[in-house]
Amino acid sequence: MDTAVKAPTQPGSLLDAARELSTHPERVKRLRARFLAVLVACCAGLGAWIVYLAFSMPTGYQSKAWSAAWVGFDILLLLALTGTVVAAMLGRQIVVMLAVFTATLLLCDAWFDIVLDWGTSDVWLSVASAVFIEVPLALFLLFRARRLVRVALQRRWRELGLPGDPPALYRIPLFYAGEAVAEPAAAAATSDTALSD
C-alpha cells in the first residue's frame with residue numbers, strides 16, 4: 001500500500017496543493033488566515049509588552065521560586081534532549097522538531113545564564129558553558145535538523161522525477177507543485193544555455 005503523500009500535479013498555490021491532497025481548499029484558506037492573524041496579534045502584543053517592560057522593570061528582583069524555575073527548565077531541557085536521542089535512534093521524523101526545540105532551549109539557557117550572572121564572578125563560568133557546550137550543541141542540532149529536511153526533500157524530489165537538485169528550503173512553498181518549483185530551475189538552465197550560445 002502506497003502511503004506517500006502525492007505531490008500536487010498542477011502548478012500553483014496552497015489552494016492547488018489542498019485540492020491535490022484532498023483537503024477542502026476553502027477550509028485551508030480559513031485556517032491559514034486564522035493562523036496568520038493569531039501570529040500577527042502575538043507579534044503586536046509582544047512588541048507592546050517589551051516596550052512596557054523596558055520602562056517598568058526594576059533593576060533587581062528577588063524570587064522565592066528561583067531554584068524551582070531553573071530546575072524545572074533543566075528538567076525540560078533533559079526531556080527534550082532525551083526525546084531527540086530516542087527519536088534519532090529510532091529514525092523517526094519527529095527528531096527534526098525535537099532537535100530544533102532542544103536547540104532553542106539550549107540557546108535560551110545560555111542567554112539567561114550569562115545575563116543573570118552579569119556583574120558577578122560566576123559570569124565567566126556561564127560564558128564558558130555557553131561558548132563550549134550550549135551554543136555548539138545548539139548549532140549542531142540545528143544543522144543536523146536542516147540536513148535531515150534536505151535529505152528527505154532530495155529523496156522526494158528524485159521520486160517525483162524532477163530535474164537537478166531541489167532549491168533552497170526558503171524558496172520552496174509549504175505545499176509545492178512539482179512543475180511550479182521545477183520551472184525556475186528550467187528557466188535558469190534555458191537562460192544559461194542562451195547566454196552561452
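Me: What makes the meeting of the D165 and R158 side chains a salt bridge?

Reply: The side chains of D165 and R158 come to 3.1 Å, N to O. A salt bridge is a side-chain nitrogen of Lys or Arg within 4 Å of a carboxyl oxygen of Asp or Glu, so the pair qualifies. Side chains of opposite charge can pair when their charged atoms come close.

Me: What kind of model is this, and which residues count?

Reply: The model is predicted: local features need pLDDT of at least 70, side-chain atom pairs count only at pLDDT 80 or more, and totals for chains, interfaces and linings use all residues. Residues are numbered from 1 along each chain as its sequence is written, and side-chain values use heavy atoms, with hydrogens and water left out.

Me: Why is D165 called exposed?

Reply: D165 has 52% relative accessibility. Exposed means over 50% relative accessible area, buried under 20%, and partly exposed in between (1.4 Å probe, protein chains only), so D165 counts as exposed.

Me: How many salt bridges does the structure hold?

Reply: The structure holds 2. Besides the pair of D165 and R158, R156 and E159 meet through their side chains at 3.0 Å, N to O.

Me: Where do R156 and E159 lie?

Reply: Both lie in helix 5 (residues 123-159), 3 residues apart, about one turn of the helix. Helices (H or I, at least four residues) and strands (E, at least two) are DSSP runs, numbered from the N terminus.

Me: Why do R156 and E159 get their accessibility labels?

Reply: R156 has a relative accessible area of 21%, so R156 is partly exposed. E159 is at 52% and therefore counts as exposed.

Me: How many helices and strands does the chain have?

Reply: The chain has 6 helices and 0 strands, which reads along the sequence as α-α-α-α-α-α. Of the 197 residues in the chain, 23% are buried.

Me: What makes the nonpolar surface patch?

Reply: W66, W111, F112, V115 and L116 make a patch of about 530 Å². Patches are made of residues with over 30% relative accessible area and no salt bridge; like charges are joined within 9 Å, nonpolar side chains (Val, Leu, Ile, Met, Phe, Trp, Tyr) within 5 Å. Helix 4 (residues 94-117) gives the most to this patch, with 4 residues.

Me: Why is F112 called partly exposed?

Reply: F112, in helix 4, has a relative accessible area of 39%, so F112 is partly exposed.

Methods: Areas by Shrake-Rupley, 256 points an atom, 1.4 Å probe, with all protein chains shown as cover.
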